[in-house]
Amino acid sequence: MTVEGQFLFDNQLIAGLENLIRTSKYDLLLVSPFIDLDSRIKDALKEKINNPNFKLRVLFGKNEGNIYRSIKNDSLEFLKQFPNVEIRYNDRLHAKYYQNDTHFLITSLNLYDYSLANNIECGFLVYHTSKGFLSKVYEGAEGLIDQGVSSIKSNLLGYENNEIDPLDKFNLIYDSSELRYKSEAILRAKKGIGGFIGNKEIENKSVIVDTLNQVEKTIIKKSAKVKLDTEVESQTIKVLSSTKISKKYGVDTESFITLVEEAGYVKDNSITELGFSKGLVNKSYMGKEYIAFPENLVSLIKNKI
């Protein structure tokens, strides 16, 4: 017995995710610990923004102290434009799962621009409607349909009646996660014949819950002190991780770290005030913080080696 679905890799996977978004009609669930939407995903989502019957549900996770390490601010603001959207947060989230009205995709792929462009990713796309997932996902199981849905679940999918099915499980995880943002569409009758037959269009939206602005203000306040005399991102000098800058100048990473610590730029794995003044910055990738060093930090290396 086999599940009706297909493994997707790399470009196929990205195309499959885009298609899952584009073909959603009423409900779309996006579960990804890290979110940094690229233009392809945004374009696919934009097709749904004026659909009064469409609901978008988003779950992200990790980094409770600073959620913007998990979800980029521009992606968050983009998602908040949707009239019917719920955004939830779960600090234990590690799964990546995407579901529309008829299909779900379980995958290694975060909704993260870097992952889409650089990582080797794979996923499994499954047709999940009642006739698809529970009646068409098997091969050669003669008479299985006559046994009923409960027997199908037990015999085909390998779980008993008292166990939850995959779709229910992800929806339960979503519903039990912390609600951070919710908006609902305000509808009006469509003009012309459409309105006469009961069709509606979006007039405005009502924000029901929004705790994300409070988090943003707190983070900005905390980071202001760090950025006193340092630009947020250098536009002229490239910054590199300790591994990359060490390799660039032929120094092993451990020796390089020792040098910057002796110079007073770093102490206890944190940038000092002197370090900030020399152009060192804190950066993060996939929720993990690291110190980046200006590419022109050549004088330190030349003078010390």
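**Salt bridges in the predicted model**

Author: Lysine 182 and glutamate 184 form a salt bridge, their closest N and O atoms being 3.6 Å apart; the term denotes a side-chain nitrogen of Lys or Arg within 4 Å of a carboxyl oxygen of Asp or Glu. The model is predicted, so local features need pLDDT of at least 70 and side-chain atom pairs count only at pLDDT 80 or more, while totals for chains, interfaces and linings use all residues. Residues are numbered from 1 along each chain as its sequence is written, and side-chain values use heavy atoms, with hydrogens and water left out.

Glutamate 184 has a relative accessible area of 36% and is partly exposed, that is, between buried (under 20%) and exposed (over 50%), with a 1.4 Å probe and protein chains only.

A second salt bridge links glutamate 203 with arginine 188, the closest N and O atoms being 3.9 Å apart. Because glutamate 203 lies in strand S11 (residues 200-210) and arginine 188 in strand S10 (residues 178-189), this pair ties together parts that are 15 residues apart in sequence. Strands (E, at least two residues) and helices (H or I, at least four) are DSSP runs numbered from the N terminus. Glutamate 203 is partly exposed at 48% relative accessibility, and arginine 188 is partly exposed at 37%. Salt bridges with shared partners also join Lys55, Glu86, Arg88, Lys182 and Glu184 into one network.

In helix H2 (residues 39-46), lysine 46 and aspartate 43 are three residues apart and therefore separated by about one helical turn. Their side chains meet in a salt bridge (3.9 Å, N to O). The structure holds 16 salt bridges.
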